[in-house]
Each structure stands twice: as C-alpha cells, then as structure tokens.
Amino acid sequence: MTSNIVWHQKLDMKYRQDKTKSKGFVIWFTGLSASGKSSVASLVEKKLVDKGRMAYLLDGDNIRHGLCSDLGFSEEHRMENIRRLSEVAALLEDSGVIAIVSAITPLEEMRNLAKSKAKKFILVYVKAEIDTCIKRDPKGLYKKALEGEIKGYTGIDSPFEEPEQYDILLDTDKDDVLTCADKVMEYIQGVL
Ligand code: ADP
C-alpha cells in the first residue's frame, strides 16, 4: 500500500536529542485488565513530568475513544489497536518524548510488534492473579464477562499469554501503586 509513497528525509533523532536535551523512549505496560497498568503508568507519567521530563501516557482505554474508536475486540482489531499504539509511541520516542503505553497487549506477537517499532523499549509486566482482578473489577467488566454479557474478555474467554521476557515485573498482589511506580522510576534512572 505504501509502495508509491516516498519517504521524506527527516531530522536525525540524535541531532534533535542533543539540541533539545530531551531523550525519548517507550515504556510499555502489559497485563490483565485491572492488574493496575493505568494506575501505575499514570503515576510514573506524573513523576517524570514533575522531574521536568516530557512524558506522555497513551492509555489503551482512552485511545479507543479517538484514534482507535473504529476498532472492536476481535483478534484482528486488537492487533490493529496495538499496531497503532506502537506507531504513535515510536513517533513520540522519535520526537524526544517518553511514551508510556498502558494496554493489555495479551499476545506475545503484539508485544514483539510494539518492541520492533521502538528504538529503546522497556516492557513492564503488571502481574496480578485473575481472582484479584475479578475482585477489583473497577469497570465492572469482569462481572459482565462472567455473566456472558461480554464475549472475548481477556482472562475469562480470551487468552492472556504471560510475557516470556520483560524488563520489569510488578506484582500488584503484593506491592501498592506507589511502590510499583517507584520500582519503574528506579529502573529507568539509567535510561533518563
Ligand atoms: P488496568 O489499567 O490494568 O486495567 P487499572 O489501573 O485501571 O488497571 O485498575 C486497577 C485497579 O486496582 C484500580 O482501581 C487500583 O486502584 C486498584 N489497585 C489495587 N491495588 C493496586 C496495586 N497494587 N497496583 C495498581 N492498582 C491497584
């Protein structure tokens, strides 16, 4: 589809970073719904912004109200959702912004795609037992899925493949949101 479209030369990423002193990378949060991705990711975003860093959270739920409002939850649409998030995250990274993505990203193939688009990619696996997630159920969607009102809900009747590899593991059954956010901040100190 892109074969007839030229690729315009663009400003070198390193040049931009040196001039603006703003280094971009991608932090990608994966995990079951209600595992705590958005809670931790938004706190990490706040902590980075408080440090004067350009950081921007692409929240999977929020993005589905705009950029991905045409997509549903079939495997094909979920893949397209992740493809778009990956492309936007990579553009933010290129522009010198720290892109923080919070999205279930249930399949290894999806996480590999996201990683392949970024230059520097940090995968955060936000882990919580499915029973914990069902108990939290902040959006009431597990209840609906268990009652059969929603089909193809991740963790209920749609798979979540545990990541084979990740950079940071957060256990939200054990650690509170602040402790989890601090763990991420500690890890990325070396990248900032
Ligand atoms: P997700 O983005 O993974 O769907 P959310 O962050 O939207 O998850 O919701 C997780 C819910 O669990 C929130 O209501 C949050 O307050 C609660 N919660 C309880 N303990 C934790 C924890 N340790 N880490 C993150 N969230 C937690």
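**Labels and the values behind them**

Modeller: Lys-21 sits in the loop between helix 1 (13-20) and strand 1, where helices (H or I, at least four residues) and strands (E, at least two) are DSSP runs numbered from the N terminus. This is a predicted model, in which local features need pLDDT of at least 70 and side-chain atom pairs count only at pLDDT 80 or more, while totals for chains, interfaces and linings use all residues. Residues are numbered from 1 along each chain as its sequence is written, and side-chain values use heavy atoms, with hydrogens and water left out.

Colleague: What makes the phi of Lys-21 worth a remark?

Modeller: Most residues other than glycine have a negative phi. Lys-21 is not a glycine, yet its phi is positive, at about 55°. Thr-105 also has a positive phi, near 50°, in a residue other than glycine; Thr-105 lies in the loop between strand 3 and helix 5 (108-117) and is buried, with a relative accessible area of 1%.

Colleague: Why is Arg-53 called buried?

Modeller: The relative accessibility of Arg-53 is 19%, and therefore Arg-53 counts as buried, the limit being under 20%. Arg-53 is placed in the loop between helix 2 and strand 2 (55-59). Leaving aside neighbours within four places in sequence, Arg-53 is in contact (heavy atoms within 4.5 Å) with Lys-23, Leu-48, Ile-98 and Leu-192.

Colleague: How do you know that a polar atom of the Arg-53 side chain and the backbone oxygen of Lys-23 form a polar contact?

Modeller: A polar contact is a pair of N or O atoms within 3.5 Å; within protein, one must be able to donate a hydrogen and the other to accept it, and residues adjacent in sequence count only if both atoms are side-chain atoms. The backbone oxygen of Lys-23 lies 3.3 Å from a polar atom of the Arg-53 side chain, so the distance falls within 3.5 Å.

Colleague: What makes Ser-33 buried, and which side chain does the side chain of Ser-33 meet in a polar contact?

Modeller: Ser-33, in the loop between strand 1 and helix 2, has a relative accessibility of 4% and so counts as buried. The side chains of Ser-33 and Tyr-153 are joined by a polar contact of 2.9 Å. Not counting residues up to four places away in sequence, Ser-33 touches Ile-104, Cys-133, Lys-139, Tyr-142 and Tyr-153.

Colleague: Why is strand 2 described as largely enclosed?

Modeller: Four of the five residues of strand 2 are buried, so strand 2 is largely enclosed by the rest of the structure. Strand 2 runs parallel to strand 3, with five bridges joining them, and two strands pair if DSSP finds at least two bridges between them. Within that pairing, Ala-55 stands opposite Ile-98 in strand 3.

Colleague: What makes strand 1 mostly covered, and with which strands does strand 1 pair?

Modeller: Six of the six residues of strand 1 (residues 25-30) are buried: Phe-25, Ile-27 and Phe-29 point one way, and Val-26, Trp-28 and Thr-30 the other. Strand 1 pairs in the parallel sense with strand 3 (residues 98-102) over five bridges, and Phe-25 stands opposite Ile-98 there. Five bridges also join strand 1 to strand 4 (residues 121-127), again parallel, with Ile-27 opposite Ile-122.

Colleague: How do you know which residues surround the ligand?

Modeller: A residue is near a molecule if one of its heavy atoms lies within 4 Å of it. The ligand is surrounded by 15 residues, the closest being Ala-34, Lys-37, Ser-38, Ser-39 and Asp-175. Helix 2 (residues 37-50) supplies the largest share of this shell, three residues.

Note on methods:
Buried < 20%, exposed > 50% of the residue type's maximum accessible area, 1.4 Å probe, protein only.
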